[in-house]
Amino acid sequence: MGNVIGLLGACLVLGVLARHSGKFPEGSAGAFNTFVLYVALPALVLRAMHRLEFVPELLVAASVPWLYYLGAGPFFRLLGPRLGLPKPSIMALVLTAGLGNTAFVGLPMAEALLGARGLPVAVVVDQLGSFLVLSSLATVAAARAGADTPLSARQLARKVATFPPFLALVVALATRPWAYPVWLDGVLERLGSLLTPLALFAIGLQLRLSGIKPRLPAVALGLSYKLLLVPALTAAGLLALPGLAPMVVQATLLQAAMGPMVSAAILAAEHDLDPELAVLMVGVGVPLSFATAPLMWMLAR
């Protein structure tokens, strides 16, 4: 787990240092964001979803990210205007606080705290929960909120259907009966492994903590939802359900306690939905989750 935190922290800090160095022109983060969404994330999905073994009993685990994403919309639309937040800022909070970092941080943390038995549950939460929400509901919401004119149902469907990670998901599921060639699996593994360092480097390039003071109420609202309310409600719901295996409960809760999703912040930036707030949510929320997620997991054991 120390290695995971070290890698994530190093990539974030390197991005901040790169911005201060002056070697990267303004707007450089956009190129990294595009690579993450159009190359690295699809490669990761192609490999992970093709290899995933799903057990029907894990349906509860997969449903949790859907529930807290759906809850984020009403929560922030109700409380956001009371802080004077405009619609793009509210949508940035819905995307970042409504989606957890269940891949970059969640999977390594689950393996470190729960061992090999907890990892399959964590993968189901990530792939059939967080990633599918990102590829469907979140993509539609971001496209609609970022459009200059209202989009028709056909236009929204086209945006989802042509979103590279969603196309990768379709291909991965369609080709499950066949094994990938060794060379292709190796290429996908290497491209997918670039996702975490490049995504956090791009966040660091955009992160400006000097501007956090006026955004502090919005960041506090978003992180209170993602790091406190979501895991608390998840723990209450899971513990109230009879017959769930303890490992399913623990792995699902740990994933629910993850910080804001990096890819969601990049999606917000792609559609010009208050990129500064989205980046602050990740830049502050991910390091905080290193402490809060294990704590929430231990309290609910």
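Author: A helix axis is here a line fitted to C-alpha atoms over the stretch in contact, and the angle between two axes runs from 0 to 180 degrees between N-to-C directions. The model under discussion is predicted.

Reader: At roughly what angle do the axes of H6 and H12 cross, and within what distance do they come?

Author: The two axes cross at roughly 45° and come within 9 Å.

Reader: Is H12 as a whole largely enclosed or largely open?

Author: Burial here means under 20% relative accessible area. Helix H12, residues 246–256, has 10 buried residues out of 11, so the rest of the structure largely encloses it. The buried positions are Met247, Val248, Val249, Gln250, Ala251, Thr252, Leu253, Leu254, Gln255 and Ala256.

Reader: What covers these buried residues of H12?

Author: The cover includes H3 (59–79), H5 (106–114), H6 (119–146), H11 (212–240) and H14.

Reader: How do H3 and H11 pack?

Author: Their axes are 11 Å apart, and the packing angle is about 135°. That angle makes H3 oblique to H11, and the crossing is right-handed. From H3, the residues Val60, Val64, Tyr68, Gly71, Ala72, Phe75, Phe76 and Leu79 meet Leu221, Gly222, Tyr225, Lys226, Leu229, Val230, Thr234 and Leu238 of H11. The contact of H3 with H11 holds 12 nonpolar, three polar and one charged residues.

Reader: How many residues does the largest nonpolar core have?

Author: That core has 90 residues, and those with the most contacts inside it are Tyr69, Phe76, Leu95, Leu99, Val105, Leu254 and Val262. Helix H14 (residues 275–300) supplies the largest share of this core, with 12 residues. Phe76 also takes part in the contact of H3 with H11, and Leu254 is one of the buried residues of H12.

Reader: What does Tyr69 touch, leaving aside residues up to four places away in sequence?

Author: With those sequence neighbours excluded, Tyr69 touches Met91, Val94, Leu95, Gly98, Leu99, Val133, Leu137, Ala138 and Ala141.

Reader: Turning to the backbone, where does Asp272 lie, and where is Asp274 found?

Author: Most residues other than glycine have a negative phi. Asp272, in the loop between H13 and H14, has a positive phi of about 60° although it is not a glycine. Asp274 is found in the loop between H13 (262–270) and H14, and its phi is also positive, near 45°.

Reader: Is each of these two residues buried or exposed?

Author: The exposed class begins over 50%, so Asp272, at 59% relative accessibility, counts as exposed. Asp274 has 13% relative accessibility and therefore counts as buried. Beyond residues up to four places away in sequence, Asp274 touches Pro88, Ser89, Ala92 and Arg215.

Conventions
Residues numbered from 1 in each chain as written. Predicted model: local features only at pLDDT ≥ 70, side-chain atom pairs only at ≥ 80, totals over all residues. Heavy atoms only, no water. Core = buried A, V, L, I, M, F, W, Y, C linked by side-chain atoms within 4.5 Å. Buried < 20%, exposed > 50% of the residue type's maximum accessible area, 1.4 Å probe, protein only. Helix = DSSP H or I, 4+ residues; strand = E, 2+ residues; numbered from the N terminus. Contact = heavy atoms within 4.5 Å. Parallel < 35°, antiparallel > 145°, perpendicular 65-115°, else oblique. Left-handed = near helix turned anticlockwise from the far one by under 90°. Nonpolar A, V, L, I, M, F, W, Y, C, P; charged D, E, K, R; others polar.
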